[in-house]
Amino acid sequence: MFKTRLLSGIVLVVLALVLIITGGDLLLGSLLLISLIGMFELYRFFEIEKSIAAIVGYLAAVLLYGNLWTGFLSDPTALVMGTLILLMSVYVVTYPRFRTEQVMAVFFGVFYVSAMLSCIYQTRMLERGAYLVWLIFLCSWGCDTCAYCVGVLFGKHKMSPKLSPKKSIEGAVGGIAGSMLLTFLYTCVFQEQMQVQTEEMVLLALISGVGALISMVGDLAASAIKRNYGKKDYGTLIPITRSHSGRLSSLSILLPSLRPTKRQCSAEIPGSAVPATQYCCPRQAPLPEDLFRRGSADFYGRRPGSIRYKTQLWEK
């Protein structure tokens with residue numbers, strides 16, 4: 001079993017390097033595929049993986065990633081509401097085929113798996129995202145590794161005896177501290193490329209500590225779902241993903257915080273009905289009114305509103 005997990009871990013690291021370094025459409029498509037696989041395994045717990053309700057969930061995930069690629073929805077809330085309304089319609093029309101918890105699980109899976117994983121792509125597509133995106137994995141996998149080592153060496157007090165008897169409070173503290181240290185060392189190595197100052201490096205380390213805590217909550221939440229349904233693992237496609245599925249997706253909640261003080265601004269472009277959406281820092285200079293009409297469309301060949309049109313300005 002150890003050899004299987006080791007080999008699968010090596011394969012995943014190689015794939016992560018290739019996909020994230022490449023970025024773009026390849027990363028987006030790969031995350032969509034991973035999301036669909038994760039949703040299928042989650043829905044299998046509720047015995048609905050091949051049902052019409054699950055198909056609604058899969059379709060919502062495809063539309064979510066399609067919106068990141070093309071930006072056909074100016075307000076992503078429409079996708080959330082549309083998914084909910086369609087699921088309620090399926091529930092009513094097919095009653096009593098589905099139980100309430102099954103319908104809720106479909107809605108939960110779309111955002112727990114698909115939406116959270118999509119944050120990896122959104123972070124990668126930021127300016128300097130090629131460096132920022134690795135902080136996600138340092139938080140998650142770094143916390144897991146450090147927590148395991150500290151727990152084995154010094155663990156005495158059980159953190160959650162009923163839910164996960166092998167996890168200790170000492171291991172949790174070690175995981176958080178380890179992820180903060182790894183993040184600080186990472187920013188030291190790539191300080192010039194990331195263009196961050198010492199105070200920003202410390203801030204990123206603190207954010208990683210919070211991310212590590214969230215990753216542990218996500219891991220325990222995934223374990224709770226398994227125990228509620230008497231299952232040992234989520235799936236057997238890639239063995240190592242069984243221990244990290246909850247961590248990586250739950251950590252993605254914190255991804256917007258890894259961007260330097262994200263603030264979403266919307267303003268109407270004069271003479272156009274298309275809202276201009278930008279991601280900006282509080283200290284940035286005013287944006288020209290015709291920014292989104294001057295070259296962004298020609299450069300990327302995409303519709304305004306997609307992730308590729310969201311502009312990140314960094315004060316050097």
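1. **Basis.** The structure is a predicted model, in which local features need pLDDT of at least 70 and side-chain atom pairs count only at pLDDT 80 or more, whereas totals for chains, interfaces and linings use all residues. Residues are numbered from 1 along each chain as its sequence is written, and side-chain values use heavy atoms, with hydrogens and water left out.

2. **Overall composition.** The protein chain holds 13 helices and 4 strands, where helices (H or I, at least four residues) and strands (E, at least two) are DSSP runs numbered from the N terminus. Of its 316 residues, 44% are buried; here buried means under 20% relative accessible area, exposed means over 50%, and partly exposed covers what lies in between (1.4 Å probe, protein chains only). The accessible surface of the chain amounts to about 16900 Å², and 67% of this belongs to carbon and sulfur atoms, the areas coming from the Shrake-Rupley method with a 1.4 Å probe and, for residues, with only the protein chains shown counting as cover. Among contacts in the chain with a separation of 6 or more, 67% are made by residues 24 or more positions apart, a contact being heavy atoms within 4.5 Å.

3. **The α3/α4 pair.** Two packed helices are described by the angle between their axes and the distance between the axes. Helix α3 (residues 52-70) packs against helix α4 (residues 77-93) at an angle of about 170°, and the axes are 10 Å apart; axes are lines fitted to C-alpha atoms, for helices over the stretch in contact, with angles running from 0 to 180 degrees between N-to-C directions. The two helices are therefore roughly antiparallel to each other, on a scale where angles under 35 degrees count as roughly parallel, over 145 as roughly antiparallel, 65 to 115 as roughly perpendicular and the rest as oblique. On the α3 side the contact is made by Ile52, Ala53, Val56, Ala60, Leu63 and Leu64, and on the α4 side by Leu79, Thr83, Leu86, Leu87 and Val90. These residues divide into 10 nonpolar, 1 polar and no charged, with Ala, Val, Leu, Ile, Met, Phe, Trp, Tyr, Cys and Pro counted as nonpolar, Asp, Glu, Lys and Arg as charged, and the others, Gly among them, as polar.

4. **Val110 and its surroundings.** Val110 belongs to helix α5 (residues 100-124) and is buried, with a relative accessible area of 2%. Leaving aside residues up to four places away in sequence, Val110 touches Met39, Tyr43, Gly57, Ala60 and Ala115; Ala60 is also one of the α3 residues in the contact with α4. The C-alpha atoms of Val110 and Leu64 are separated by 9.2 Å, with the two residues 46 residues apart along the chain. Leu59, which is placed in helix α3, has its C-alpha atom 9.4 Å from that of Val110, but Leu59 is partly exposed at a relative accessible area of 45%.

5. **Salt bridges.** Side chains of opposite charge can pair when their charged atoms come close. The whole structure contains 3 salt bridges, each defined as a side-chain nitrogen of Lys or Arg within 4 Å of a carboxyl oxygen of Asp or Glu. Glu101 pairs with Arg99, the closest N and O atoms being 2.7 Å apart; Glu101 is partly exposed at 37%, and Arg99 is partly exposed at 42%. Glu127 and Arg128 meet at 3.3 Å, N to O, with Glu127 partly exposed at 35% and Arg128 buried at 12%.

6. **The Asp219–Lys167 bridge.** In this salt bridge the closest N and O atoms are 3.3 Å apart. Asp219 lies in helix α10 (residues 198-228) and Lys167 in strand β2 (residues 164-168), so the pair ties together parts that are 52 residues apart in sequence. Asp219 is buried, at 9% relative accessible area, whereas Lys167 is partly exposed, at 25%.

7. **Backbone points to inspect.** The peptide bond from Tyr95 to Pro96 is cis, with omega near 5°, and Pro96 lies in the loop between α4 and α5. Glu47, although not a glycine, has a positive phi of about 60°; Glu47 is found in the loop between α2 (24-45) and α3 and is exposed, at 67% relative accessibility. Gln195, likewise not a glycine, has a positive phi of about 55°, sits in the loop between α9 (191-194) and α10, and is partly exposed at 34%.
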